[in-house]
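My notes follow the structure.

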Amino acid sequence: MTRKEELRKEIEKIWEILTYVKDCYSYSKYIRNPDTLKEKEYIAKSNDFKFMTHAFWRLTIIELAKLFSTNNETHKYNLNKFIDKLKPDGHYRNLKIDPSLVSRWSQKLIENSSSIQIVLQLRNEVYAHTDNYPNLDYANDITYEDVEDLIDVISDIVKTIYSVLFNSDALIRPISYRENSFNMIKILAEEKETRIKNKIDKLLGNVK
């Protein structure tokens, strides 16, 4: 296998993890903050959807942690090790990736180091080790916007490598989640509202 083929295999796996992150993140974010007041009111009274948004968020953090693990961790696809391989003295040096791109990605990791640290703490101390008694003091210190910034960092790496080395586009989007067609909560909220209205009408004698 050539270095270029090896790199392609590695970046494809990173892209695959990123796509799963995008799905989990998108579902969690929408359920946490849907479009309409009806949906918000419905979710506020639904233990099922409260559980779902937490489950999707938890998966988002666990999958992100695979990509942002530190260099001393063993996960094969962590970005620290991957970026090191792209440097002029790295494993993929013969592919001659522009050093300014590699520096940009390294700098982005530094700029987002606080969010990355929280992601790793949540994965290690809360979501991946439920047998412990976790310290949740920092659990609310990371927002959906922070996670979106991390997703953007990974997306930039994937898109740029595909463009520069493989002369192709990498489409970064969720596989399952579609913003305009995920209407399950809206349907349930409207159905509940209709049932309540029918009961009220019946009690008031408006329905024969």
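I took helices as DSSP runs of H or I with at least four residues, numbered from the N terminus. Axes are lines fitted to C-alpha atoms over the stretch in contact, and angles run from 0 to 180 degrees between N-to-C directions.

This is a predicted model: local features need pLDDT of at least 70, side-chain atom pairs count only at pLDDT 80 or more, and totals for chains, interfaces and linings use all residues. Residues are numbered from 1 along each chain as its sequence is written, and side-chain values use heavy atoms, with hydrogens and water left out.

**Entry 1: α3 and α6.** I looked up helix α3 (residues 47-68) against helix α6 (residues 113-127) and found an angle of about 115° with the axes 9 Å apart. Contact here means heavy atoms within 4.5 Å. From α3, the contact residues include Trp 57, Ile 61 and Phe 68. From α6, they include Ile 116, Leu 120 and Tyr 127.

**Entry 2: Thr 60.** I found Thr 60 in helix α3. Is Thr 60 buried or exposed? Thr 60 is buried, because its relative accessible area is 0%. A polar atom of its side chain lies 2.8 Å from the backbone oxygen of Phe 56. Beyond neighbours within four places in sequence, Thr 60 touches Val 21, Cys 24, Tyr 25 and Val 147.

Conventions
Helices (H or I, at least four residues) and strands (E, at least two) are DSSP runs, numbered from the N terminus. Buried means under 20% relative accessible area, exposed over 50%, partly exposed in between (1.4 Å probe, protein chains only). A polar contact is a pair of N or O atoms within 3.5 Å; within protein, one must be able to donate a hydrogen and the other to accept it, and residues adjacent in sequence count only if both atoms are side-chain atoms.
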